[in-house]
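Good morning, colleagues. Please look at the sequence and the model on the screen while I take you through a few of its features.

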Amino acid sequence: MQLTLVKTILAFVLAAAGLAAAGSMLTLLGRAEHSMQAGTLKAVHRTAGYVFAVTLAALAVMGAGILSAAGDTLPVRGVLHWVLGSLLVLVAALKIVLVKYYKKLLKFAPALGLTVLVLALLVAAVSAGFVLVTGEVERKLSGEEIAGDAAPERRGDAAAGGETFRSNCTICHRTDSDVGPAGFVGLFEREALVSSGLPVTRENIRAQILNPVGRMPSFKARLSESEITNVVAFLETI
């Protein structure tokens, strides 16, 4: 299963667990009519809280891997996502510590819980909003790219692709390094593209050239379909 799809599923689980924990907490506080016993509501709140914590930890680990690969080339969207995500982790950790070790401060737990939920939904909204606005829904969820009229199975001319690459891409990208998204040595041996997080495939590289994620400009109007196919063929050789 592709990393992007796993992250998407975990994000839905995180949001659902957060809503369940917040809903049971508010019901226990008497802010809504309820027919469930207090013990059942506490069990729901506790279980949802554990699911939320485990899911958040898994997403944080995945995010740390992406951040490590991107280095200082993380796009603005990624920076915003990481700032909000870091706040989410810190507030969630503060709530856990308060509940476990500072019983006299439990009155602050509901406020911290709601803050955690708001941050979680905000992080999800930032990513989902970008995906919807930029039309990346299908690529984000499936790891696939709609390549228009191009035939992805064509291998292309690597030598011609090298010339096209040197004429159009070397101002930002290097063929003698594998550091960050700018270095392309061993590109097809990596698990994911740094900018989009999608698997490294010919189709997804074409998608990045035509409809790039991050700061990279689009080459849709500058390169023909055959030139792009040749560039992808060249990248497979370095």
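This is a predicted model: local features need pLDDT of at least 70, side-chain atom pairs count only at pLDDT 80 or more; totals for chains, interfaces and linings use all residues.

The cover over the buried residues of helix H8 includes helix H6 (158-168) and helix H7 (202-210). Cover here rests on contact, that is, heavy atoms within 4.5 Å. Helices are DSSP runs of H or I with at least four residues, strands are runs of E with at least two, and both are numbered from the N terminus. Residues are numbered from 1 along each chain as its sequence is written, and side-chain values use heavy atoms, with hydrogens and water left out.

How many residues of H8 are buried? The count is 8 of its 11 residues, and H8 is thus mostly covered. Buried means under 20% relative accessible area, exposed means over 50%, and partly exposed lies in between, with a 1.4 Å probe and protein chains only. The buried residues of H8 are Ile228, Thr229, Asn230, Val231, Val232, Ala233, Phe234 and Leu235.

Helix H7 is also mostly covered, with 8 of its 9 residues buried. Among them are Arg202, Asn204, Ile205 and Arg206.

Let me turn to one residue of H8. Thr229 lies in this helix, which spans residues 225-235. Thr229 counts as buried because its relative accessibility is 3%. The side chains of Thr229 and Arg206 are joined by a polar contact of 2.7 Å. A polar contact is a pair of N or O atoms within 3.5 Å; within protein, one must be able to donate a hydrogen and the other to accept it, and residues adjacent in sequence count only if both atoms are side-chain atoms.

Another threonine, Thr40, is found in helix H2 (residues 38-70). With 39% relative accessibility, Thr40 counts as partly exposed. From Thr40 to Ser24 the C-alpha to C-alpha distance is 9.2 Å, and the two are 16 residues apart in sequence.

Next, the cysteines. A disulfide is a covalent bond between the sulfur atoms of two cysteines. Here the term requires a pair of cysteine sulfur atoms within 2.5 Å, and a search of the whole structure finds 0 disulfides. Cys169 counts as buried because its relative accessibility is 12%, whereas Cys172 is exposed, with a relative accessible area of 53%.

Finally, the chain as a whole. It has 8 helices and 0 strands. Buried residues make up 36% of its 238 residues. Among contacts between residues at least 6 apart in sequence, 61% join residues at least 24 apart.

To return to the opening point, helices H6 and H7 are included in what covers the buried residues of H8. Thank you for your attention.
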